Amino acid sequence: VIGYILIKQGKAKAHQVCMTSALCTSSLFLISYLIYHYNVGSTKFTGQGIVRNIYFAVLISHTVLAVVIVPLIIATFYRAWTDQLAKHMKVAKITLPLWLYVSVTGVIVYLMLYHLYPSR
């Protein structure tokens, strides 16, 4: 969202730095997440009732969109990097809300799994 605000303010260089930082941070997170789960495996969700259905709905939508967002992020970044700004803006309008959704639902899944309904 900050990157969007920066570009609307005409601060293209700041936008570029912000988005490159977001890409690097997200990439490092993804790598660490995959390494962690490769070594540890999965964690059972212990919640019961309606909260279990909510958890799995959020988890499934998060997982599917996390797979979908990777090529969108790559395409968005590539088009900006190669000065294809019209194409960049077109795909960025899709990438931004999906990236935000994946980020927020990832935190929700984490909180539900490890803090609200931790395994015993």
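**Contacts, fold and cysteines**

Modeller: Among contacts (heavy atoms within 4.5 Å) in the chain between residues at least 6 apart in sequence, 63% join residues at least 24 apart. This is a predicted model, in which local features need pLDDT of at least 70, side-chain atom pairs count only at pLDDT 80 or more, and totals for chains, interfaces and linings use all residues. Residues are numbered from 1 along each chain as its sequence is written, and side-chain values use heavy atoms, with hydrogens and water left out.

Biologist: How many helices and strands are there in the chain?

Modeller: The chain has four helices and zero strands, taking helices as DSSP runs of H or I with at least four residues and strands as runs of E with at least two, numbered from the N terminus. The C-alpha trace spans about 50 × 30 × 20 Å along its principal axes.

Biologist: What share of the residues counts as buried?

Modeller: Of the 120 residues, 18% are buried, meaning under 20% relative accessible area with a 1.4 Å probe and protein chains only; exposed is over 50%, and partly exposed lies in between.

Biologist: On to the cysteines: how many disulfides does the structure hold?

Modeller: It holds zero disulfides, a disulfide being a pair of cysteine sulfur atoms within 2.5 Å.
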